[in-house]
Amino acid sequence: MSGKWAVQGTAFYSADWDKAVCIKNGLFCIDEKGFIEGVYKEEDKAYKTVREKYLADGCLKILGETEAMLPGFVDLHLHAPQWPQAGTALDRPLEVWLGEYTFPLEAKYRDLEFAYKVYQDVVKTTLSHGTTTALYFATVDREPSVLLARLCGELGQRGLVGKVVMDDPAANPGFYRDASWEDGVKETERFIDEVLEFQDSFKQRVYPVITPRFIPSCTDESLKGLGKLAGKYGVHVQTHCSESDWEHQLVKERYGVNDAQALNRFGLLTDKTVLAHAVFLEMEDVKLLAEKKASIAHSPLSNAYFAGSVLPFREFRDQGVNIGMATDISGGYSPSLYHAQRQAVISSRMLNEGADPGLPAGSRGRKDSAIALNHAFYAATVGGGTALGLKVGKLEKGYSFDVQIVDYGEGIPRFCPEKREEDLLHKILLLTESRSIKEVWVQGEKVK
Ligand SMILES: [Zn+2]
């Protein structure tokens, strides 16, 4: 869209950690750059005159009776190259899954034609599920990683992309790793420069991300080098952290401390760092994250398969750590953050109550661990935006107009009126599938 325009209709968004807001028949005004410049409720004095002006100018979009607008979701952790194996081999342990399935697949992206085909599908698919911002791991090779960033730009997604670093010859297969630690760092710097060069040619922008795969796959030298780059460029950082018993234990043996502490020593824990999983953090790690304003990408589906454990979401959040939602394609099988939110609530309730019927009730779980759907919705929108330092995830003045328009007349039973406004939001969050997401907009541009 060029020029100013407005949308009239019902919208939901998360105003605060446990408070979802419903604006019935609101007026959302969007400026030329794709930011929300004003929101009017029906009862506001200016509502009528503002609406009439946009209507007269032919710049008013009116939502249908069973349509609602939600902020676009922020997927804080997914592997674009693993999309072809989504739903595959989730019964194998992490180290086997990586060696036998994942690394051979990721190596294929040196074939840029293959990369183009898959990456285009990943971006289109996630957009169609309402994901307007995505923080991607690409592969160890720079060229296809740059291609992914460019495709995000062209297809209208706010993509944050990392060329993966995995340089330790003792930990990675010969056919799939950085040639040396120097190479891993140099290629990352070149990747950052290349993406920064075209970053602004897309309205929604795309971003380069420093991406050590995880500590066990990197040497101290490469971690140190990447930490220096983080200081030099101030760009985002992402990695896997305290994900599984195996990985967590390995780092402990190597450094005598947990991942978070080790990453901090290398200069990789900043307010633009996103740590995938972080299930096994101990309290001093949690405090360090809160102090550094680093965030957690919570992938409950993936955790169920590979962590064998549940993130103590509520407890970590109460300690001041920001948490966003993630699909973790393909450690998680679904590209939909709706599914991730549902699983986050389910997993947290099982952590709270416990799951072993052989134990007496009351002694099965970890008390005060349950989160509600409103919390998961907050994480999938505001939590993600906060993690990345971007004005996305809310439908308020100054935020990017990143939205999904859902037709809740499809697939959602509505024979009786809802008792509370948020009852409808909860139905939408629990029952929406991608076919009823009718439109997706990023930075004021229609992408679905
Ligand atoms: Zn991952």
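## Salt bridges

The structure holds 24 salt bridges, a salt bridge being a side-chain nitrogen of Lys or Arg within 4 Å of a carboxyl oxygen of Asp or Glu. The model is predicted: local features need pLDDT of at least 70, side-chain atom pairs count only at pLDDT 80 or more, and totals for chains, interfaces and linings use all residues. Residues are numbered from 1 along each chain as its sequence is written, and side-chain values use heavy atoms, with hydrogens and water left out.

One of the salt bridges joins Arg158 to Asp402, with the closest N and O atoms 2.2 Å apart. This pair links distant parts of the chain, since Arg158 belongs to strand β8 (residues 158–165) and Asp402 to the loop between α13 and β14, 244 residues apart. Helices (H or I, at least four residues) and strands (E, at least two) are DSSP runs, numbered from the N terminus. Arg158 is buried at a relative accessible area of 2%, and Asp402 is buried at 3%; buried means under 20% relative accessible area, exposed over 50%, and partly exposed in between (1.4 Å probe, protein chains only).

The side chains of Glu282 and Lys252 form another salt bridge, at 2.8 Å from N to O. Here too distant parts of the chain are linked: Glu282 is in the loop between β11 (273–277) and α9 (283–292), Lys252 is in helix α7 (residues 245–255), and 30 residues separate them. Glu282 is partly exposed, with a relative accessible area of 34%, and Lys252 is partly exposed at 29%. Lys53 and Asp57 also meet through their side chains in a salt bridge (3.1 Å, N to O); Asp57 counts as partly exposed at 47% relative accessibility. A network of salt bridges links Arg142, Glu187, Arg190 and Glu194.

## A buried lysine without a salt bridge

Lys394 is placed in the loop between α13 (373–388) and β14 (403–407). Lys394 is buried yet has no salt bridge, and the nearest side chain of opposite charge, that of Glu396, is 4.2 Å away.

The side chain of Lys394 reaches the backbone oxygen of Ala15 at 3.2 Å. This is a polar contact, defined as a pair of N or O atoms within 3.5 Å; within protein, one must be able to donate a hydrogen and the other to accept it, and residues adjacent in sequence count only if both atoms are side-chain atoms. Leaving aside neighbours within four places in sequence, Lys394 is in contact (heavy atoms within 4.5 Å) with Tyr13, Ser14, Ala15, Ile36, Pro71, Val382 and Tyr399.

Strands β1 and β2 run antiparallel and are joined by 10 bridges; two strands pair if DSSP finds at least two bridges between them. The two form a hairpin with 2 residues between them, and Ser14 has Ala20 in β2 as its bridge partner. Strand β2 (residues 19–30) is largely enclosed by the rest of the structure, because 9 of its 12 residues are buried. Strand β3 (residues 36–40) runs antiparallel to β2, with 4 bridges joining them, and Ile30 is the bridge partner of Ile36 in β3. The hairpin of β2 and β3 has 5 residues between the strands, and Gly34 in the turn has a positive phi of about 90°.

Thr10 is located in strand β1 (residues 5–16) and is buried at a relative accessible area of 19%. A polar atom of the Thr10 side chain lies 3.2 Å from the backbone nitrogen of Asn25. Leaving aside neighbours within four places in sequence, the contacts of Thr10 include Cys22, Lys24, Leu63 and Met69.

## Helix α12

Helix α12 (residues 337–353) has 17 residues and reaches 24 Å from its first C-alpha to its last, close to the 24 Å expected at 1.5 Å a residue; the expected span is 1.5 Å times one less than the number of residues. Ser336 caps the N-terminal end of α12, with a side-chain oxygen 3.1 Å from the backbone nitrogen of Tyr338. Among the buried residues of α12 are Leu337, Tyr338, Arg342 and Leu351. Gly354, which follows α12, has a positive phi near 85°.

## Backbone features

The peptide bond from Ile329 to Ser330 is cis, with omega near 0°, and Ser330 is in the loop between β13 (322–325) and α12. Asp368, although not a glycine, has a positive phi of about 60°; it is found in the loop between α12 and α13 and counts as exposed at 65% relative accessibility. Gln443 also has a positive phi, near 50°, in a residue other than glycine. Gln443 lies in the loop between β15 (437–442) and β16 (445–446) and counts as buried at 3% relative accessibility.

Note on methods: Lys and Arg count as positive and Asp and Glu as negative; His and the chain ends are not counted.
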